[in-house]
Amino acid sequence: MAEIGAVGHRVLHGGIEFTESCVVDDACEAAIKKCFPLGPLHNPANLMGIKACQAAMPGVPQVAVFDTSFGMSMTPEAYIYAIPYEYYENDSIRRYGFHGTSHRFVSARACEIMGKKGTRVINCHLGNGSSVSASIDGKCVDTSMGLTPLEGLPMGTRSGNLDPAILQFIMNKYGYTADEMLNILNKKSGVLGISGVGSDFRDLEKAAKEGNERAQLALDKFAYEVRKYIGSYAAAMGGVDIITFTAGVGENGPDMRESICEGLGFLGVHVDHEKNQVRGKETDISAADSTVKVYVIPTNEELMIARDTLALVTK
């Protein structure tokens, strides 16, 4: 224990108070508690971890690295929801975005690769939880998750975007409570809900190859939605210089990467089939005629947390 100089903690939700990582103090702990309703599964456990380390290592600095901080550079038109403004003013309801530590790490690496000012990055963090972000020079312009990690892409078990009136329809017909409905959207939906096979993309690919049409539909739906986000984020930034794939599916799913990039030729995106046969290794998978770079970049959230912790405690 005496060898530990500081401890970095991943904390899900920092609300509007935190735009970057911070050394844990009373104000930081109060903000983490304030966000319990926004991150009920994560924030209480995150604070418990901080308290445990404080008890085991008195006087050792604890650093909170917020998953939402990356998205705090979004402009109001990107983060505001089109509901009565009082809910933003009174309850801080807005788009926050998640997987922020991963998006920050990969987008920074993408900017290093491109080596030019104004680099426009679309990063696809694809796994059991999935999100897409748009950034310029590493600063977030937009991101697909919202107030909670439920918004955006269909994921392993999460629904992603849907017509909000669907909730009322199902709840009225089957007598579900709001909590029961949210449990369905978080744990029984996504590619699991469509396929009936499971939430693991490897199982879906195996089932699809064996002729399971619903498994193939789940894969096609996922690729379609990622492709739509890439197109919309290119529009939001006035173009794109590099598209990156990371996380479990992004790093290890050559078929999914190729499926997503098919149809993006209008953006100048072309993937080399042979170069794309890579798993878990930083690789340029762009075809020779691609005017947009396409890369696989393994994420490293632990390293990002360690870097933030070191920077803060050595100031």
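Strand β2 and strand β3 (residues 62-66) pair in the antiparallel sense, with two bridges between them; strands count as paired if DSSP finds at least two bridges between them. Here Cys 22 sits opposite Ala 64 in β3. Strands are DSSP runs of E with at least two residues, helices are runs of H or I with at least four, and both are numbered from the N terminus. The model is a predicted one, in which local features need pLDDT of at least 70 and side-chain atom pairs count only at pLDDT 80 or more, while totals for chains, interfaces and linings use all residues. Residues are numbered from 1 along each chain as its sequence is written, and side-chain values use heavy atoms, with hydrogens and water left out.

This pairing belongs to an open sheet of three strands, ordered β1-β3-β2, with mixed pairing. β1 (7-11) and β2 (22-23) are at the edges with a single partner strand each, so one side of each has no neighbour in the sheet. Two helices go with these strands. Helix α1 (residues 26-34) lies across β1, β2 and β3, at about 40 degrees to β3. Helix α2 (residues 43-56) lies across β1 and β3, at about 170 degrees to β1. Angles run from 0 to 180 degrees between N-to-C directions, and axes are lines fitted to C-alpha atoms, for helices over the stretch in contact; contact means heavy atoms within 4.5 Å.

Further along come helix α9 (residues 201-209) and helix α10 (residues 213-237), whose axes come within 8 Å and cross at roughly 125 degrees. α9 and α10 are therefore oblique to each other, the label for whatever is not under 35 degrees (roughly parallel), over 145 (roughly antiparallel) or 65 to 115 (roughly perpendicular). On the α9 side, Phe 201, Leu 204, Glu 205, Ala 207 and Ala 208 meet Ala 215, Gln 216, Ala 218, Leu 219 and Phe 222 of α10.

Then there is strand β7 (residues 242-246), where five of the five residues are buried, meaning under 20% relative accessible area with a 1.4 Å probe, protein chains only (exposed is over 50%, partly exposed in between). In a regular strand, side chains alternate between the two faces of the sheet. Both faces of β7 are covered, with Ile 242, Thr 244 and Thr 246 buried on one side and Ile 243 and Phe 245 on the other. Strand β4 (residues 120-125) pairs with β7 in the parallel sense over five bridges, and Ile 122 has Ile 243 as its bridge partner in β7. β7 also runs parallel to strand β9 (residues 293-296), joined by four bridges; there, Ile 242 has Lys 293 of β9 as its bridge partner.
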